[in-house]
Amino acid sequence: MSAEKKFVSLDEAAGKICADSIIPYSPRIPFVCPGEEITEDIVRYIGMLRSDGKKVIGANDKGEVLVGKERENASFIRSSNMKTRSYCMNGRINLICSLLGRQMK
């Protein structure tokens, strides 16, 4: 990932490449790691946690997350690993929701 990073609002984050881990505080299980694509489901989940007053490490008080500038081949990397990433991401989100006793909206 390029050294160029910036904070963007959650509304702008979907489809961008995460530049910092995003970790809900409690249960402190990272559900987005640097280099992974931030999906619409992730944005909704972060919003749900924030609206419930939960702390989300990696999202600042303004509701912004750190993203990196995409490389030219990032879309190839995303598409070639999309099924694996999607499966892993959904598993992490479902695990966190079950630990919090919540359903993803």
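## Sheet architecture

In this predicted model, 3 strands form an open sheet in the order E1-E5-E2, with antiparallel pairing; strands are DSSP runs of E with at least two residues, numbered from the N terminus, and two of them pair if DSSP finds at least two bridges between them. Strand E1 (5–9) and strand E2 (17–18) stand at the edges with a single partner strand each, so one side of each is left without a neighbour in the sheet.

E1 and E5 run antiparallel and are joined by 5 bridges, and Phe7 has Leu66 in E5 as its bridge partner. E2 pairs with strand E5 (residues 64–68) in the antiparallel sense over 2 bridges, where Val67 of E5 is the bridge partner of Cys18. Because 4 of the 5 residues of E5 are buried, this strand is largely enclosed by the rest of the structure; buried means under 20% relative accessible area, computed with a 1.4 Å probe on protein chains only.

## Aromatic contact

The count comes to 1 aromatic pair, for which ring centres of Phe, Tyr or Trp (its six-membered ring) must lie within 6.5 Å. Phe31 and Tyr45 form this pair, at 5.0 Å centre to centre and with 85° between the planes, which is edge-to-face (planes over 60 degrees apart). Phe31 lies in the loop between strand E3 (23–25) and helix H2 (40–51), whereas Tyr45 lies in helix H2, so the pair ties together parts that are 14 residues apart in sequence; helices are DSSP runs of H or I with at least four residues. Phe31 is buried at a relative accessible area of 0%, and Tyr45 also counts as buried, at 0% relative accessibility.

## Basis of the values

Residues are numbered from 1 along each chain as its sequence is written, and side-chain values use heavy atoms, leaving out hydrogens and water. Local features need pLDDT of at least 70 and side-chain atom pairs count only at pLDDT 80 or more, while totals for chains, interfaces and linings use all residues.

Conventions: Buried means under 20% relative accessible area, exposed over 50%, partly exposed in between (1.4 Å probe, protein chains only). Rings of Phe, Tyr and Trp (its six-membered ring) pair if their centres lie within 6.5 Å; planes under 30 degrees apart count as stacked, over 60 as edge-to-face and the rest as tilted.
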